[in-house]
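Student: Could we go through this structure together, beginning with the overall fold?

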Amino acid sequence: MEEALELERYLPASFGTASELVYMQFLWKAFQDNYADERYEFSSLAFHLLYMSYVSFSVWQIRQAREAEFRNALIGYQAEAENKILNAESPFHFFEKLKESQIFRFLKIIGCDNEQVGEFAKFVRRRNKIAHPSGSVFFNDRESLDREVAQIMVEVRNIQSHMRPVIEDLYQTFLDASADEEERRYADPDDEVREVLVHGYYLSPKDIEICAAHDISRYSSHPHFGSIETLHESLRSSYLEEEQTEPAIATP
């Protein structure tokens, strides 16, 4: 269970809508309640959906940071599907035009090879077997589910390691766009960080760690360097301190 709860560190600290937060809380509760009641098969289904949510959030970030490459990855899709994916207003909308396993192809943009993509997607095949009547139970004890969770977390960490350049690019884009106090969306730096950066990019605590470690000295000659320093400090003080408390997503 402890390793499973680590996944929350890879999921967004803020969601696009209240319904998205409710959905994620529902999945966590379904995972934990079924785990505690020894209904491991159903617990595994909930954890798989949490895993696929993490992947969709990562692809959302890739679309924002690597738009040209993302468009190229859509070659072969019908125009309607391509537009739907490009204009999706939520990471969850990708699946309206993508089969679940197809979303992993976009991880090639961040340097994942075919073998790695196959490892990421193997859990979809296992889940499909569980989700259909089979006459047998795949996860009938805690140890088997814990092994599955451990394998999934290996792949989550692998994906996250490839996501670092994407997160760094998103943070630089944010700093460049928000440096001028007269041009940015919110005058208050805390509001700008929360709404435009964390909320807008679906940043997770792990993503925020990457941003917080960003070396802003490269902006020392920037005409709005003071504002950049303020934004960076706002991120660090608002979110790194919050990491000392227990995450709230898993608690409805």
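This is a predicted model: local features need pLDDT of at least 70, side-chain atom pairs count only at pLDDT 80 or more; totals for chains, interfaces and linings use all residues.

Student: How many helices and strands does the protein have?
Tutor: There are 10 helices and zero strands, counted as DSSP runs (H or I, at least four residues, for helices; E, at least two, for strands) numbered from the N terminus.

Student: What is the radius of gyration?
Tutor: Over C-alpha atoms, it is 19 Å, close to the 18 Å that the globule rule gives for 252 residues, so the protein is as compact as a globular protein of that length. The rule is 2.2 Å times the number of residues to the power 0.38.

Student: Turning to α9 and α10, at what angle do the axes cross?
Tutor: Helix α9 (residues 205–212) and helix α10 (residues 225–240) cross at roughly 145°, and their axes come within 10 Å. Axes are lines fitted to C-alpha atoms over the stretch in contact, with angles from 0 to 180 degrees between N-to-C directions.

Student: Which residues meet there?
Tutor: From α9, I208, C211 and A212 meet H232, L235, R236, Y239 and L240 of α10, where contact means heavy atoms within 4.5 Å. By class, this contact has six nonpolar, one polar and one charged residues.

Student: Next topic: which residues line the second largest cavity?
Tutor: The lining consists of Y10, Y54, F57, S58, Q61, Q160, M163, Y202, S204 and D207. A cavity is a set of points on a 1 Å grid over the protein atoms alone where a 1.4 Å probe fits but cannot get out, and lining residues have an atom within 4 Å of a point.

Student: Which element gives the most?
Tutor: Helix α3 does, with four residues.

Conventions. Residues are numbered from 1 along each chain as its sequence is written. Side-chain values use heavy atoms; hydrogens and water are left out. Ala, Val, Leu, Ile, Met, Phe, Trp, Tyr, Cys and Pro count as nonpolar, Asp, Glu, Lys and Arg as charged, and the others, Gly among them, as polar. On a 1 Å grid over the protein atoms alone, a cavity is a set of points where a 1.4 Å probe fits but cannot get out, and a pocket is an open set with protein on both sides within 12 Å along at least five of seven lines; lining residues have an atom within 4 Å of a point.
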